[in-house]
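Trainee: Could you take me through how to read this structure, beginning with the chains and ending with a place where helices pack?

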Amino acid sequence: MELYPTPSDYTQYLQSTLNSHQNHGAATAEFIPLSHALSSGVWFNNIALSDIDPSINPMPVRMNWCGSDNRTEYDQNLRDPVQHARLQQEGWIDNPIVYELNREGWRSEGCREYDIPEPSLIVLGCSFTYGTGLHLHQTWGHKVSSQLGLTLVNLGMPGHSLDLNTAWLMMNQQRIAQPQAVIICETPPTRISWLLGDIALPNAYAHTLLRLAGAKGTVSNYDTSTPSWLIDNIKLNSAVNYYKNRCLVEQWAKLLGIKFLHFNSSGVSAKTLARDLAHYGEDWHSTIAGKVLEQLGQKENT
Amino acid sequence: MDNRTYDWQEWLNTQSAKFDNRTDQDMLRMALFTNSLHGSKDIWAPDLTPEPMVTHWNGLDSEQRYRANSNDPVQRERLAQWGWLDRKIEYEINSWGFRSAGCREVEDIDGPSVVTLGCSFTYGTGLPYESTWPYLVSKQLGLDLVNLGTPGHGLELNSHWLLTQGHRIKDPQFVIVLIPPPGRMTWIEEVNGRLIGNTFSMTHLHHPGIIANLELNAFLNYVKNIETIRLWAQSRNAPLHVFTGFAGKQGTFGLARDLCHNGEHWHRLGCEQIVQRIKNS
């Protein structure tokens, strides 16, 4: 008997428990295997507002738009003289971006699935790690991994925090054979991921509780119709969740004997912008990569 | 329109000030502590502070429920059948709300110990401490006990405790998890400055997309929480054993004082099966 059950062992444990509780209300977990629900949730989140038909089943895709970097807003910006000038200044006119996603929804060079036998670098975060509005090679994760000669495992998830990518890492850790370091780029508060499944459909979708609870507006601005107690408690629980996710990844890295970094980018300014004119541009990523390499003990050369 | 911008560090500082400069540790302690007092103390009392205490009721095993059962002829007969009439139970809890002999704090347990995690079936709601499977297992193995059973919850709060406070356990020899029922997700609520360890089903988050997918999301969290426990156990070289239940014939388990939870026989069965598995491994 194994001293420590593997994730698949206790997934079986839990699935059998769930199957024995079929009368306990919602039955989504019995209809959608957990690993599928998770990857489906990530995939549909990461193709949001892209040029991919959201009615298809998750598969490796190449897309030209994603999230806040979508065609509609880009066209609007082109029509606005001020924004048009900014796009031109930033070099985003006639500069197509190809987002390559694997079948689990992670941004990955060549749509490669994350079964990585060679030495790799794992990065976790939100859209600033995923690289919304940027070419993959412009992102901090790619710059660091290239410098270190490692394959990049980019677990950035736009609009989310660490709930789902940490869960994916824990459930799929054996697929990443030789991680050399794991790095978290801190995400904004209030984000608690929530998988939405539907027993009539084969797929699950990832949302955040804040949205489900009816909050409108951006991360920074909430509609006043959303009760403040709800906002406060979502913030509280997201903080607790965040701390736990971070500690879990750190503990995992410690046990593997690999480097762990967690950084907050609030002090890093950006001169350039991504194509959506909302996220930071490549200079910010270069600065972050430099700082990360410095902390990893590598000479900066990005 | 609220135009505040939320910087993470700034927000943490704001929250820390709001909660009287309490840290993650303090928030976790209060959530666990208030949860353990459900059904016994007024968790809204302004002078309530997390400290070791002895209570006589817990959760479903409340005085109100006991009185109601005592006044119902059928239920009274069941109470008599299982030996609960006029029988007192002492819940000795430490400052984290964990059930512990003599209200001992975890760091005061010096000897080698068995660490148990689960819900009320591990905490021992409706049973004397000495009748619970964690106690029986610890005695069979000749070890001290660190019982992190958290009534009404899944494994979120206690695995969080293990991850961030587990260094307080001096010499863990085994970690045993009895998986709680599905669909449980912790939701910490702050009401009038008091932090309460609640679950989703007890909150006002009644969006159909939340209710309908509670089981799925709780399932995902369970996997993550058990991984949290597994990594901790591995870091301390303590073998982990996960149970989803104990084998036995329904109807023979007996009942706890609340007439809801399984009784003493079930706990003895559980102890036998756990000890057997440990011996076989």
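**Chains and a helix packing**

Mentor: Chain A has eleven helices and eight strands, while chain B has ten helices and eight strands; helices (H or I, at least four residues) and strands (E, at least two) are DSSP runs, numbered from the N terminus. This is a predicted model, in which local features need pLDDT of at least 70, side-chain atom pairs count only at pLDDT 80 or more, and totals for chains, interfaces and linings use all residues. Residues are numbered from 1 along each chain as its sequence is written, and chains are lettered from A and ligands numbered from 1 in the order in which they are written.

Trainee: At what angle do helix α8 of chain A and helix α9 of chain B pack?

Mentor: Axes are lines fitted to C-alpha atoms, for helices over the stretch in contact, and angles run from 0 to 180 degrees between N-to-C directions. Here α8 (residues 163–172) of chain A and α9 (residues 214–235) of chain B pack at about 60 degrees, their axes being 10 Å apart. Angles under 35 degrees count as roughly parallel, over 145 as roughly antiparallel, 65 to 115 as roughly perpendicular and the rest as oblique, and α8(A) and α9(B) are therefore oblique to each other.

Trainee: Which residues of α8(A) and α9(B) meet?

Mentor: Two residues are in contact if their C-beta atoms, placed from the backbone, lie within 7 Å. In α8(A), T166(A), A167(A), M170(A) and M171(A) meet L220(B), V223(B), K224(B) and E227(B) of α9(B). The residues of this contact divide into five nonpolar (Ala, Val, Leu, Ile, Met, Phe, Trp, Tyr, Cys and Pro), two charged (Asp, Glu, Lys and Arg) and one polar (the others, Gly among them).
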